[in-house]
Structures are given as structure tokens and as C-alpha cells.
Amino acid sequence: ADVGRPEVAYREALTREAESEGRFVRQTGGRGQYGHVVMSFEPLPAGTGFVFESKIVGGTVPKEYIPAVRKGIEQAKETGSIAGYPMVDFRAVLLDGSYHDVDSSEVAFSVAATMAYHEAVRRAGPVILEPIMDVELCAPDEYLGDVIADLGARSGQIGAVDDRFGGKVVTAAVPLRSMFGYATVLRSMTSGRGNHTMHFAAYRRVPAAVQEEIIQRAGRASEKNQTPVA
């Protein structure tokens with residue numbers, strides 16, 4: 001990994017709907033555990049956030065366990081599914097389930113919901129989203145070509161080029177992952193006469209090659225953090 005390199009706040013999102021079932025049954029002497037849910041998951045528009053709904057009728061999942069189902073999803077979504085980043089903008093719907101008079105508990109239903117979440121996400125086309133920054137930079141005319149070429153190499157999309165203060169003002173949308181150390185590069189490229197500002201604009205799906213790299217990096221980090229069993 002890049003030591004000292006800032007971590008980009010990636011997110012994960014679904015691309016299609018999926019239904020799944022989570023069944024947590026455990027008999028370990030004495031009281032057991034029993035939780036069973038049938039759920040659907042679907043993507044929502046960017047910025048919507050997490051939505052939970054219950055369509056339980058007839059008490060197939062008792063009312064006292066429904067908050068535990070929600071809690072299970074809320075906890076599971078914080079560690080994503082493909083690279084460990086929070087899952088955003090989706091709806092989880094509790095459709096059906098079953099319970100046991102003695103063995104059911106909040107914990108059992110929370111675990112069952114987590115199982116249903118992970119099962120559904122695998123089939124719901126999860127993708128990684130990255131923060132895109134609105135960048136505005138000022139530079140003398142003679143450096144414009146170099147500045148625009150450099151932004152292109154950073155996967156930037158040029159918005160406009162305007163005249164201002166005897167130079168050029170360029171606006172662009174650029175992935176945050178490409179902007180670390182940019183101030184130093186811009187100063188070097190413009191003999192110290194360029195400057196820029198940037199702020200967060202939106203989350204956007206990363207290119208496939210970048211997603212694969214992020215997933216592999218997350219896998220390596222996970223392996224590194226696992227303690228060998230003696």
C-alpha cells in the first residue's frame with residue numbers, strides 16, 4: 001500500500017434487484033436460535049440513502065423482531081460486500097419469514113437478515129462508487145495545453161475554459177483518487193503561477209479496471225489483517 005497516502009472514501013451500490021432468504025437455526029443444547037426472513041433488495045437513486053420496509057402480514061415475523069431485522073441490515077451495509085466500503089442508496093424489504101415460539105430471538109432475526117443481505121448483494125450486481133471533485137484552476141495562457149492534457153491523464157472531464165485575469169480558468173470534474181499531490185504538480189507545471197480549488201460534487205461508478213484493483217487491494221488488506229491460527 002502507499003504509506004501515508006490518503007484513503008479515498010469509496011462507497012458500494014447495487015445495480016439491480018434481488019430477493020433472498022436468510023435462515024439462522026442453531027441447536028446447541030438448551031435453548032436454540034431460530035430466525036428466518038425472506039427479503040428483497042433494490043437500488044435507489046443517488047443520495048436517497050437506506051430505506052427499510054416491512055410487508056409482513058399475519059405475523060409470519062412477529063412485530064417485536066422486525067426492528068432486529070432492520071438492525072441486521074444496518075450493521076451489514078457498513079462493511080459493504082465486495083471491498084468493505086459502506087453500501088448506499090438501496091431499499092431492503094422484509095417480505096416473509098417464520099419463527100419459533102421458544103427459540104426465536106432478536107439476535108437470531110438480526111443474523112438471519114444479515115445472511116439474506118449478503119446472499120442478495122452477490123446477485124444484485126454490486127459496484128464501487130468514487131467521489132468526483134469539481135475542480136477550478138487558473139493558469140497563464142501558455143500553460144493551458146499542458147494543464148488540460150494533465151487533467152485528461154487524471155481521468156478528468158473538462159467542463160469549460162474561460163478567460164480571466166489575463167489567463168485561463170479551467171473547470172473540470174476529476175476523481176478524487178487522481179488529485180492527491182495535485183497542488184505541487186500544478187505549481188511545477190506552471191512555474192508557480194497556477195492555482196486551483198476543488199470541492200466534492202458527486203459519487204460515480206468507478207471504471208471496471210479500477211474496481212478490480214480496489215477489490216484486489218481490499219483482499220490483500222484482509223489477508224494481512226488475519227491472524228494465523230496456531
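Mentor: One term to start: buried means under 20% relative accessible area, exposed means over 50%, and partly exposed is in between (1.4 Å probe, protein chains only). Helices (H or I, at least four residues) and strands (E, at least two) are DSSP runs, numbered from the N terminus.

Trainee: And what kind of model is it?
Mentor: This is a predicted model: local features need pLDDT of at least 70, side-chain atom pairs count only at pLDDT 80 or more, and totals for chains, interfaces and linings use all residues. Residues are numbered from 1 along each chain as its sequence is written, and side-chain values use heavy atoms, with hydrogens and water left out.

Trainee: Let's start with H4. Which residues of H4 are buried?
Mentor: Tyr182, Leu186 and Met189. They cover an arc of only 70 degrees around the axis, so they sit on the same side of H4. That arc is taken from the directions from the helix axis to the C-beta atoms.

Trainee: Which residues are exposed on the other side of H4?
Mentor: Thr184 and Ser188.

Trainee: What covers the buried residues of H4?
Mentor: The cover includes strand E6 (127-140), H3 and E9. Contact here means heavy atoms within 4.5 Å.

Trainee: What comes just after H4?
Mentor: Ser191, with a positive phi of about 55 degrees. Ser191 is not a glycine. It lies in the loop between helix H4 (182-189) and strand E9 (195-205).

Trainee: Why point that out?
Mentor: Because most residues other than glycine have a negative phi.

Trainee: Is Ser191 buried or exposed?
Mentor: Exposed, because its relative accessibility is 52%.

Trainee: Where else is there a positive phi in a residue other than glycine?
Mentor: At Ser155, where phi is near 65 degrees. Ser155 is in the loop between helix H3 (144-153) and strand E7 (157-164). Its relative accessibility is 36%, so Ser155 counts as partly exposed.

Trainee: New topic: sheets. What order do the four strands of the open sheet take?
Mentor: E2-E3-E5-E4, with mixed pairing. The edge strands are E2 and strand E4 (50-54), and each pairs on one side only. The twist averages 25 degrees from one strand to the next. Two strands pair if DSSP finds at least two bridges between them.

Trainee: How do the individual pairs run?
Mentor: Strand E2 (residues 18-26) pairs with E3 in the antiparallel sense, over nine bridges. There, Glu21 is opposite Val38 in E3. E3 also pairs with strand E5 (residues 90-98), again antiparallel, over eight bridges. Ser40 faces Val93 in E5 across that pairing. E4 and E5 are parallel, over five bridges, and Ser54 is opposite Leu94 in E5.

Trainee: Which helix packs on the sheet and touches E4?
Mentor: Helix H1 (residues 66-77), which touches E3, E4 and E5 and makes about 155 degrees with the direction of E4. Helix H2 (residues 106-123) lies across E2, E3 and E5, at about 145 degrees to E2. Axes are lines fitted to C-alpha atoms, for helices over the stretch in contact, and angles run from 0 to 180 degrees between N-to-C directions.

Trainee: How many of the residues of strand E3 are buried?
Mentor: Eight of the 11 in E3 (residues 33-43), so the strand is largely enclosed by the rest of the structure.

Trainee: Switching to charges. How many salt bridges does a search of the whole structure find?
Mentor: It finds 13. A salt bridge is a side-chain nitrogen of Lys or Arg within 4 Å of a carboxyl oxygen of Asp or Glu.

Trainee: Which residues do salt bridges with shared partners join into one network?
Mentor: Glu42, Glu53 and Arg91.
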